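Good morning, and thank you for making the time.

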There are 2 protein chains.
Amino acid sequence: MAKPPQTAIQPTRADDYPEWYQQVIRAADLAENSPVRGCMVIKPWGYRLWENMQRALDDMFKATGHQNAYFPLLIPMSFLEKEAEHVEGFAKECAVVTHHRLEPDPDGGLRPAGKLEEPLIIRPTSETIIGATYAKWVQSYRDLPILINQWANVVRWEMRTRMFLRTAEFLWQEGHTVHATAAEAIEETERMINVYADFAENWMAMPVIVGSKTAAERFPGAVDTLSIEAMMQDRKALQAGTSHFLGQNFSKAQEIAFQTEAGDREFAWTTSWGVSTRLVGALIMTHSDDDGFVLPPRLAPSQVVILPIYRDQAQRAEVLEYVASLQKELMAQTYAGLPIRVEVDDRDVRGGEKKWHHVKRGVPIRIEVGPKDIEKNSVFVGRRDQAKSVGLPRAEFIQTIGKTLADMQQNLFDRALELRESNTVDIDNEAEFRKFFTPKNEAQPEIHGGFARCYFADEASIDALLKELKVTIRCVPRDHNDVSGVCFATGRPAAKKAIFAKAY
Amino acid sequence: MAKPPQTAIQPTRADDYPEWYQQVIRAADLAENSPVRGCMVIKPWGYRLWENMQRALDDMFKATGHQNAYFPLLIPMSFLEKEAEHVEGFAKECAVVTHHRLEPDPDGGLRPAGKLEEPLIIRPTSETIIGATYAKWVQSYRDLPILINQWANVVRWEMRTRMFLRTAEFLWQEGHTVHATAAEAIEETERMINVYADFAENWMAMPVIVGSKTAAERFPGAVDTLSIEAMMQDRKALQAGTSHFLGQNFSKAQEIAFQTEAGDREFAWTTSWGVSTRLVGALIMTHSDDDGFVLPPRLAPSQVVILPIYRDQAQRAEVLEYVASLQKELMAQTYAGLPIRVEVDDRDVRGGEKKWHHVKRGVPIRIEVGPKDIEKNSVFVGRRDQAKSVGLPRAEFIQTIGKTLADMQQNLFDRALELRESNTVDIDNEAEFRKFFTPKNEAQPEIHGGFARCYFADEASIDALLKELKVTIRCVPRDHNDVSGVCFATGRPAAKKAIFAKAY
Ligand SMILES: [Zn+2]
Ligand SMILES: [Zn+2]
């Protein structure tokens, strides 16, 4: 007989990290696979988290001068043909609409009918359709800048999918801006990657490295792609957000041109930037443990859950009254400038099962309240980032709730940073690089590797090595690039140091 | 030469109502047609309005116990085949995805490749895909009710489109709920049509009639469809929201069944309900006038716009300082429980042009502030629902701003109700009915008709008459149906009175 599980999630991270990830999603009731290939259903608890992320990001976009708008889901096929790199980057994974109705087929089923003159693509990203619109809006320097964001769904026909990390359809936001000068567009590109880094670190409690992508890893059509890269608990990198300086590539392809103050006609400079429901996957893999999901308090749909405990109807009335007043007092407290979000779970479910339900869902703080706690005017408090629960005087707990949540948020960030720092190494030779990225057991690879910081001469010369080890250049970090060195693989002089890692 | 226009919008409502509608949208910068057939671009001002609508509705859905979730955009074709009426209702207007990539064609362009085994439909509505998911979620009576809403885009391949009112792609919300009993599901259907009526009347300032659709006008597959119907200024009806009691039709087709407390297996009872960006069209046609858009204060993205007026840089500094303090004081006031939304327009644009810009955009209150106003400590105030502007002492204006906005909101509602009441008639014979719905000039039909309240025996017997006059039964109102009468067309005994109208 198998040993009884010691943790709420089976397998554990150490046993089978990819399967652990799926089981956390299931146990926390965040999402599930749908009957449609590669598409997921985002369930209420997962969607509330996404709504909190949206709200925070949207406020940051508006605070930096952006407005929301909405552009069509469908893109004429000919629009994709205009920018050569762009079509190459997206043509292989497009959902193509070719008909506009269904008609009965001879077998009693249905078949597509009403063939379209020109096929339509479901947007994989909206540079082309938005650019075509901007071309009409932009006439003069007075029309610039255009600073617009869109919240939308997109479809990329991925062959291997994994919930939140890579799905055929996903939800995201895409910013698309137009500027009169290259300098302004570059400033915007940097502003928005900083917004993403701010959000990742201060809301998600997920430390990130900001840097530039190398040519091979850039967005198709971009001049420069900035990204934020985070380390997951299996030491793989996850690209959590990107901001692209598109130069004049799209404006030339789409004729986004304007008359300058001096009267000349010039092509505009554009940017685009986006984050997606992939952030939910990043959040799961950054903080969760072998008992399930762990939510950073700032994004948690419920920051506190109260579990009333009673034996009979008389106790029930007394406990629920106490719980209601406790909830009210907690909701009058604030954390990070907002009222505390408190949920009461009075479902008719056994106490142990109910507690573990909320552990697995990642609620930051659980409070159990029974007749004895009421007598002592205390509460029994469990913090999701600590193993054991403690009894606390009610008044003290209420007065310190904001500070407790702030401590937890900081604690999660520190823990994630510590993991990254202790798994980041400087490597200056190929042998060490190979060793770092090679699992001990090829057939059942254990968690290994991390971030390797290495000088490199050029991408082409190390391409074969990276392919062999399944390693990619994550980014050239904007810090630590003030001196030059020697390429770890070729020994040639190198001006840049990059982060190398296996990645999602 | 033509006379110079007397109004900001040309043509006027009386001259050419449909064209007036398009011109209001253009002048208010709400939306525009896109390069994709039948799809529109929702521009920032229009999208901010939609965001305000979403926020208010979402709060109401949550207050009535619903949660948001997200289901796939794409639906396998076979799912549509399951419910016979449903497929008939939607098959004629589906966007069908048949391929999953593009490849170079011999002419240097692209062509669809990677044919799908089963075509996928872009959701025209999500009963089938959500139902398939619910079938997995529902096992026992303990799993019920399920109360979920989704904010999403949908596609219906309409042949004749009009911005906001009827577009191939539109944004909406769709609630989908599952219940253990018919009574509970019916209660939910009614609860949600009441939420819509509340939103229409108290946020949009748009009076609506709540009633049931007749069999021919029901949602494909529904047992009962409730709707809210509003009268536009051309006296046509607009269906602004629907709530469907689906009985067990979908649960039987999709096997949404549960074990009862007694241990029996029963099919569940489902509902669905939705409103869309069509509401923006309804808002435009309810309140706007020949000078452009008129926004009800509760939904206005900006409730007050301040227009600083100055001649030189010295004046500019003084005026802007005064304006900033005025803005701050106004934002400290509240209307309908929220801080007043105040915009300052300091663009370098001529005063008259700037004023008309905001008139056409429908901002409820405009304030002009120049050196003379500062001297007198007064503000020059224009209300969008009144023709002339007035000077007011600054303190009085600030103290009464909340009340002023509330008055305007009420005034818009009263005006719309008055229009409806004065164009609603009881008709008991066919001759009068024909006269009511026949324009004086067939070639250039003027605004005519309205709501006719008539007893009717059954739909079939009056079908030809309604088709001839292009009139539809809007609903059987839930009020005024306590007595019976005689069918206006057939003279037969009739138990029900309906609202008849031409409609959008
Ligand atoms: Zn490109
Ligand atoms: Zn049906």
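Let me begin with a definition: two strands are said to pair if DSSP finds at least two bridges between them. Strands themselves (E, at least two residues) and helices (H or I, at least four residues) are DSSP runs, numbered from the N terminus. With that in place, consider A:Val96, whose bridge partner in β5(B) is B:His99. The two β5 strands concerned, residues 96-104 of chain A and residues 96-104 of chain B, run antiparallel and are joined by 3 bridges.

A word on conventions. This is a predicted model, in which local features need pLDDT of at least 70 and side-chain atom pairs count only at pLDDT 80 or more, while totals for chains, interfaces and linings use all residues. Residues are numbered from 1 along each chain as its sequence is written, chains are lettered from A and ligands numbered from 1 in the order in which they are written, and side-chain values use heavy atoms, with hydrogens and water left out.

I turn to the interface of the two chains. What is the area buried between chain B and chain A? It is about 5,300 Å², and carbon and sulfur atoms give 66% of that. Buried area here is the accessible area (1.4 Å probe) that two parts lose on being put together, summed over both. Counting contact as heavy atoms within 4.5 Å, chain B brings 66 residues to the interface and chain A brings 66 residues.

As for specific interactions, the interface of chain B and chain A holds 4 salt bridges, each defined as a side-chain nitrogen of Lys or Arg within 4 Å of a carboxyl oxygen of Asp or Glu. B:Glu32 forms a salt bridge with A:Lys136, where the closest N and O atoms are 3.5 Å apart. There are also 28 residue pairs in polar contact between chain B and chain A, both residues being at pLDDT 80 or more. A polar contact is a pair of N or O atoms within 3.5 Å; within protein, one must be able to donate a hydrogen and the other to accept it, and residues adjacent in sequence count only if both atoms are side-chain atoms. On the side of chain B that touches chain A, the largest share, 8 residues, comes from strand β6 (residues 110-122) of chain B. That side of chain B divides into 40 nonpolar, 10 polar and 16 charged residues. In this classification Ala, Val, Leu, Ile, Met, Phe, Trp, Tyr, Cys and Pro are nonpolar, Asp, Glu, Lys and Arg are charged, and the others, Gly among them, are polar.

Next, the domains within chain A. The division is into domain 1 (17-74 + 127-287), domain 2 (304-411) and domain 3 (424-501), with bounds that come from an automatic or database domain assignment. The centres of domain 1 and domain 3 of chain A, taken over C-alpha atoms, are 27 Å apart. Their contact takes 20 residues from domain 1 and 17 residues from domain 3 of chain A. Together these two domains of chain A bury about 1,500 Å², 58% of it on carbon and sulfur atoms. Within domain 1 of chain A, A:Ile209, A:Thr214 and A:Arg235 lose the most area to domain 3, together 33% of what that side buries.

Which residue forms a salt bridge with A:Glu229? The partner is A:Arg474, with the closest N and O atoms 3.0 Å apart. The count between domain 1 and domain 3 of chain A is 1 salt bridge, alongside 8 residue pairs in polar contact, both at pLDDT 80 or more. On the side of domain 1 that touches domain 3, β9 (209-212), β10 (224-231) and β11 (237-245) of chain A each supply at least two residues.

These strands belong to an open sheet of 11 strands in chain A, with mixed pairing and the order β3-β7-β8-β14-β11-β10-β9-β24-β27-β23-β22. β3 (67-68) and β22 (424-426) of chain A stand at the edges with a single partner strand each, so one side of each is left without a neighbour in the sheet. β9(A) and β10(A) pair in the antiparallel sense over 4 bridges, and A:Ser212 stands opposite A:Leu226 in β10(A).

Finally, the backbone. Most residues other than glycine have a negative phi, and most peptide bonds are trans. A:Leu144 and A:Pro145 are joined by a cis peptide bond, with omega about -5°, and A:Pro145 is placed in the loop between α5 (127-137) and β7 (146-155) of chain A. A:Ala336, which is not a glycine, has a positive phi of about 55°.
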